[in-house]
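Try each task yourself before reading on.

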Amino acid sequence: MTWILDNLDLILQLSVEHLRQCIIAIVLGFVLSIPLGYLAWRFGLLRGWVITITGMLYTIPSLALLILLPTVFGYSALSDGNLIVALTLYAIAILVRSVVDGLDSVDTGVRGAATAMGFSGTRRFFGVEFPLAGPVILAGLRVASVSTISLATVGILVGVTNLGYLFTNGLQRRIIPEVLAGIIAVVILALLIDLLLVLAGRMLMPWTRRSRGSRTVAPAASLGAGA
Amino acid sequence: MNLLIDAWLWIIAPEQWTGNYALPTLLLQQIGFTFAAVGIATVIAVPAGWAIGHTGKGREIAVAISGAARAIPSFGLLILLVLVLGVTRRPEAALVTFVLLAIPSLLAGAYTGLQAIDRATIDAARAVGMTRWQVLWRVEVPLGLPLLVGGLRTATLQVVATVTIAAYVNLGGLGWPIIQGIPLGRFDQVLAGAVLVAALALVLDGLLALAQRAAVPRGLRAAPRSAPQADREPTFDKPRQTPDALATRSSS
Amino acid sequence: MTTTRTLRAAALAGAAALLLAGCASGNPLEEPTDGSGSGEMMSDTIVVGSQAYYSNEIIAEIYAQALENAGFDVERQFNIGQRDAYIPALESGEVTLFPEYSGNLLQYFDPETTARTADEVYAALPDALPEGLVVLDQSSATDQDSYTVTSAFADQYSLVSIADLANVTEPLTLGGPPELAERPYGPTGLADVYGIDVGFSATGDTTFEDLEAGTINLANIYTADPRIQTAGLVVLEDPEGLFLASNVVPVVNADVADEIADVINAVSAALTPEGLVALNVQSTVDEMSPADIASQWLQENGLS
């Protein structure tokens, strides 16, 4: 316990570094998965491919990806850019699926009504479809964020310093509180980001607030729509 | 492309098939840990998930616990448990880590499977005189099976990819070529390890996808509108209810 | 309606951007910067690297603080990992100074080398190193691979040197880092040089515990590990020269070698084998941070 108190500045410093690496990856992953998800959703042919490829990406162990990407593409494995690229890829693998599912969940009736009102393609996407897909996408974003923050610790095995340092260094020096501190810090960061996303969701999607408290029974219609 | 060829050559080289760290041994270790962890997690999470889905209570707690469990970095937990339990108990340490990893997806699969069932169906079952237990076992569980298997699929995928870190504490598995290949600078070896894990994961995923289709009760298969459900992973709740964030890997 | 939502979204995006910017610009002295950095380095910014080994990190921190005390700008790039990762970084200038171990370094570049004693190894290094890398004075402090057994095991079979392992009647299992299986001084070296056959178990960072627990009976332990003394382990002698002598030696990018030679050579001169073990004790037993250990050592040795 005293170790943690004595080394709070180290833990804090590593946490900031860890957060920086993860936030960049999450934001990048999110931004990139929107067009990818849209294309997959819009063009049925593409959907199968995208889902398969992102699913496959998922199965590659993170450590291997962290070594192989720089080898194949020739950039420095040491830089935290290497970790951020790998984390972004994993985030995309999760988020593309959410974007597709989210767009799927938008009622065709609503889309039809929007078209009838005169919304053209892009306006309809950003004004109607994407916001309505919001809750599902947000759910995926929350999962992607927590996963990323947890996954990033592996970076230490390829020389990228973040909270994972507390694991390897703690193991070498046999300092159990150090390893524990690392775990707790990661969990706190993940839950913090999760909370921020939930709050952001409530701010940006006020219409979801109404149904939050109630235990709504699934109506047959939405079940039938394959939601 | 060259690297891919080198990796293949590494895999088929005779050294890889003899000794302590032979590929068949590593493969068995990887599969062994995966099945054991997912099995134990199933025993823990599925009854709990069914209870939550059936009674409708405790969902918020389940979501919270799942979220927290997903936030725990497997890499760190493994190291912590090895330090605490000692080197002679490494397999137990690894097993606990992987079980914790598998629980969120299985829990979600179990209760969303039950939650997604049309209330009308359940009412009909009660109306024909079924007791609560009969409703659970003869109606809810079978109808919830596809989503449960979806959760099983996600959990298995996550665990099989994460078992690669078991090699860091000398438990073998397909992570070994990666863990040894990095300090030796042998990228053909690293790629070979990655390819083997990915291949195993795809095989398991494929088998479970078939299982998911097979899990759809005969009656539902007749109705075309249920078909999309069978392919689903239990990732999210319906949009009109509070979305539950579920599934997917936490760390490997 | 849409305007409020847009405003809200913009506010959130702005907050996120600020958060990101805040995280990115926070730059306390010890924070490792992103390694890609700039290709052209200011001539007095020294980038000190270290292996992912706590003892090596301490030495690197000592170098870093010694340089800072002498007025240099220092960036730290610690826990890089393997030679395959940091040697190219040293050559490219991404990292400019690195604490290394002479024997291991020599064997990395020249696996066939016949140099064995500390002086032979040090003399062979400049030729073996690639263009653009030089070594400064080596220290008397050593931290080299060794084959070690528990004292009980040594007593049981009267083991003094590696050759005595031939007396052992039970199967020998060697433990060490995963790559030991392929190293010239690993199982193949044992068989070739001493005629001893061993099984291998990749115990990695838990090698010491495994030796104590008995899952392995022969361990590759670094000689500066304080637990050799505290646990009464027996380091087997190496009469046939399986291991190269390995002293702590700074590897430097040739461009900055002259600038920092004085500072670093003073550090190397002051570091002794016992001193290195003491530093490791402070880290593992007293659980001090590398920064504290380094500044304390520099003060005690009159180098701050």
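What pattern does chain B follow, read along the sequence? Before the solution, a word on conventions. This is a predicted model, in which local features need pLDDT of at least 70 and side-chain atom pairs count only at pLDDT 80 or more, while totals for chains, interfaces and linings use all residues. Residues are numbered from 1 along each chain as its sequence is written, and chains are lettered from A and ligands numbered from 1 in the order in which they are written.

**Exercise 1: the helical chains**

Task: Work out the element pattern of chain B, then describe chain A in the same terms.

Solution. 
- Step 1. Elements are DSSP runs numbered from the N terminus: helices are H or I with at least four residues, strands are E with at least two.
- Step 2. Along its sequence, chain B reads α-α-α-α-α-α-α-α-α-α-α, which comes to eleven helices and zero strands.
- Step 3. Chain A also has eleven helices and zero strands.
- Step 4. For burial, count the other C-beta atoms (placed from the backbone) within 10 Å of a residue's own: 20 or more is buried, 12 or fewer is exposed, and in between is partly exposed. Of the 252 residues in chain B, 56% are buried; for the 227 residues of chain A, the share is 52%.
- Step 5. Two residues are in contact if their C-beta atoms, placed from the backbone, lie within 7 Å. Among contacts with a separation of 6 or more, residues 24 or more positions apart account for 73% in chain B and 72% in chain A.

**Exercise 2: a closer look at α11(C)**

Task: Check the span of α11(C) and locate its buried residues.

Solution. 
- Step 1. The expected span of a helix is 1.5 Å times one less than its number of residues. The twelve residues of α11(C) should therefore span 16 Å, and the 17 Å between its end C-alpha atoms agrees.
- Step 2. C:L276, C:L279, C:N280 and C:S283 are buried in α11(C).
- Step 3. Down the axis of α11(C), these buried residues fall within an arc of 95 degrees, so they line one face of the helix; the arc is that of the directions from the helix axis to the C-beta atoms.
- Step 4. Their cover includes α8 (165-173) of chain A, along with α2 (54-69) and α12 (290-300) of chain C.

**Exercise 3: around β10(C)**

Task: Identify strands that pair with β10(C) and decide whether its faces are covered or open.

Solution. 
- Step 1. Two strands pair if DSSP finds at least two bridges between them. Strand β3 (residues 97-101) of chain C runs antiparallel to β10 (residues 248-253) of chain C, joined by five bridges.
- Step 2. Strand β4 (residues 133-135) of chain C also pairs with β10(C) in the antiparallel sense, over three bridges.
- Step 3. Now the partners: C:Y101 bridges to C:V248, C:F98 stands opposite C:V251, and C:V135 has C:V251 as its bridge partner.
- Step 4. In a regular strand the side chains alternate between the two faces of the sheet.
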